[in-house]
Amino acid sequence: MTTPLFHSLQKAVSEIDTVLYIGAGRCDDFSDYAALSVNAFFLVEPNPDYAMPLRRLAKKDARVSVLPCAVSGADTLPDQATLHIWNNTAFNSLHMAPGLDSQLPGLRETAQVGVNVLGVAQLLEQVPLSENGRHILRLEALGENTRILKALVAGDQIGRFEHILLRSSQDSLLGEDETAEATVQYLEEVGFHLCATEDLGLGLSALHLKRKPCRAVPQDLAGRLDEALANLQAAETKSAKHKAKCDAVLIEATAQAEALQALQVELATMTERAKTAEETAAQHNEAFTEVTAKLEAA
């Protein structure tokens, strides 16, 4: 039976290149996705109890690939982590949830198993997402949802998904997860808008968000922008010509200054030589006077 969330998705898109399903469980909603004409499914699920049904699904449908691991957005990853399994699988998580069973009577942890963990970048290396393709991210990783989303944003990968569907907590938090309201606000800040929500009970909400389309530049604004760019280029050309003229004037002025300096040096040299000649002439005149006086006395 199609849920309100899938009804929202079906209205938004009919053909999909890739569904990346983190925390797929047994993928009981596979038939809903299959109705959307999907080219490839990547089902990521760490719980070993679900390995066999997922392998059977992959054997029946060549579009399906199964990755038996958990995913974390943490900066430092262990080789293995502990998966906490609850009697309601919606709460399965890599994170302990002390007090959760007291908040939700009847809920109890039933097992803990060691699982392999991939980082977000490592996961995407195994999931080929075509450029400009129509890709869906289904996120069912309570306790890690927020870190996974932030890792996608930090790696500039969040924009590769056209739609994001995730389960989030309204009140009680696991790990470092934000509330459903805060998650929506964060995704809106990075370019998505909320299409639909669904109350799942037990303090959980399902969310459907779609990437906002890039806005086209209005034609009149584009024209004004082209005109402004042309004016800027003309001003830059005019400025370059003025600069060239100023550079030429500066070179000429520098040359004239150097020539003037050379003339001043030459004038100073000639003045010094004239002074020396004058002093020599004075000495000669004094000697001549002395000789004349001697001749007259004789």
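**Close-up views of a predicted model**

**View 1. Contacts of I164.** Leaving out residues up to four places away in sequence, I164 touches L137, L149, I158, L187, F192, L207, H208 and L209. Contact means heavy atoms within 4.5 Å. The model is predicted: local features need pLDDT of at least 70, side-chain atom pairs count only at pLDDT 80 or more, and totals for chains, interfaces and linings use all residues. Residues are numbered from 1 along each chain as its sequence is written, and side-chain values use heavy atoms, without hydrogens and water.

**View 2. The largest nonpolar core.** This core has 30 residues. A nonpolar core is a set of buried Ala, Val, Leu, Ile, Met, Phe, Trp, Tyr and Cys residues joined through side-chain atoms within 4.5 Å. Buried means under 20% relative accessible area, exposed over 50%, and partly exposed in between (1.4 Å probe, protein chains only). L20, I22, L123 and I164 have the most contacts inside the core. A second, separate core has 22 residues, including V13 and L54.

**View 3. Helix α7, residues 180–189.** Helices are DSSP runs (H or I, at least four residues) and strands are too (E, at least two), numbered from the N terminus. A180, T183, V184 and L187 are the buried residues of α7. They lie on the same side of α7, because their arc around the axis is only 100 degrees. The arc is taken from the directions from the helix axis to the C-beta atoms. On the other side, E181 and E189 are exposed. The buried residues pack against α6, β8, β9 and β10.
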